[in-house]
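The report below takes the helix pairs in turn, then turns to the cores.

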Amino acid sequence: MDNKKINITVLVSGGGTNLQALIDAAEAGRLPGASINRIISSSHTAYALERGKKHGIATCVVSGKDFPDEEKRNEKLLEELRRADTDLIVLAGYMKVLSPVIIKAYEGRIVNIHPSLIPKYCGRGFYGIRVHEAVIAAGEKESGATVHFVDEGVDTGEIIMQKKVPVLPGDTPESLAARVLETEHEILEASVGRVVADLQKRM
Ligand code: GRF
């Protein structure tokens, strides 16, 4: 008997290249147990929304602008997650911190991609290009990407997968970011595939 499809909701805030990597993997049949059902953006202008629309995936926006009150924004987010019958949440370049209520409701079913080798260069203030600026400023010879489960801390949940990339002489934050981003796409697809398979066994 076919296993239940795992409904994935992807939370985004920006360009959506990690989302695109998941969409491409799903369409190529590399994520057979998963269905990307919903994209929720924290921003009306996130290009990730365009990516979803091009692939016929339902999108919605739950932004700080529309919901200045944090609690009301998280209530709306939880409502949208439930409306999408979400089994697994993937944070893909999502720039908001999830409320404890949502983290509790989806414990063990929220994954995040971070552009460093956690526990280095993560936590408050370490996001996007700032991560790579700090790595280069520290003279690191290697960096990488991490996929982890989301708990109530910031970038502190159990690690699912990590992959290293070299920091090359003459690297700028931008050139390092581009190299790490390729690795993010690779390990996000692999991690989601692993978590989906585990969830199917448990459901
Ligand atoms: C990526 O480096 C991701 O790790 C970080 O945001 C950047 C942009 O991601 N959280 P995307 O292109 O929007 O997926």
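## Helix packing and cores

The crossing of α5 and α6 is right-handed. This is a predicted model. From the α5 side, the contact uses Ile129, His132, Glu133, Val135 and Ile136. From the α6 side, Pro173, Glu174, Leu176, Ala177 and Val180 take part. Sorted by class, the residues of this contact are 7 nonpolar, 1 polar and 2 charged.

Two packed helices are described by the angle between their axes and the distance between the axes. The table gives both values for two pairs.

| Helix pair | Axes come within | Crossing angle |
|---|---|---|
| α5 (residues 129-137) and α6 | 9 Å | roughly 115° |
| α1 (residues 17-27) and α6 (residues 173-202) | 9 Å | roughly 45° |

How are α5 and α6 oriented to each other? Angles of 65 to 115 degrees count as roughly perpendicular, and α5 and α6 are therefore roughly perpendicular to each other.

Now take α1 with α6. Their axes cross at roughly 45°, and the two helices are therefore oblique to each other. The crossing of α1 and α6 is right-handed. On α1, the residues in contact are Thr17, Asn18, Ala21, Leu22 and Ala25. They meet Leu181, Glu184, His185, Leu188, Glu189 and Val192 of α6. This contact has 6 nonpolar, 3 polar and 2 charged residues.

Next come the cores. In soluble globular proteins, nonpolar side chains tend to be buried together. The largest nonpolar core here has 39 residues. Which members touch the most other members? They are Ile8, Val10, Leu22, Leu88, Val90, Val111 and Val192. Helix α6 gives the largest share of this core, 8 residues.

Leaving out residues up to four places away in sequence, Val10 touches Leu19, Leu22, Ile36, Arg38, Ile39, Ile40, Val90 and Ala92. There is also a second, separate core of 16 residues. Among its members are Leu11, Leu81, Leu91 and Tyr106.

Is Thr183 buried or exposed? Its relative accessibility is 6%, so Thr183 counts as buried. Not counting residues up to four places away in sequence, Thr183 touches Ala145, Lys163 and Val165. Thr59 lies 124 residues from Thr183 along the chain, and their C-alpha atoms are separated by 26 Å.

Definitions and conventions. Residues numbered from 1 in each chain as written. Predicted model: local features only at pLDDT ≥ 70, side-chain atom pairs only at ≥ 80, totals over all residues. Heavy atoms only, no water. Axes fitted to C-alpha atoms, helices over the stretch in contact; angles between N-to-C directions. Helix = DSSP H or I, 4+ residues; strand = E, 2+ residues; numbered from the N terminus. Parallel < 35°, antiparallel > 145°, perpendicular 65-115°, else oblique. Left-handed = near helix turned anticlockwise from the far one by under 90°. Contact = heavy atoms within 4.5 Å. Nonpolar A, V, L, I, M, F, W, Y, C, P; charged D, E, K, R; others polar. Core = buried A, V, L, I, M, F, W, Y, C linked by side-chain atoms within 4.5 Å. Buried < 20%, exposed > 50% of the residue type's maximum accessible area, 1.4 Å probe, protein only.
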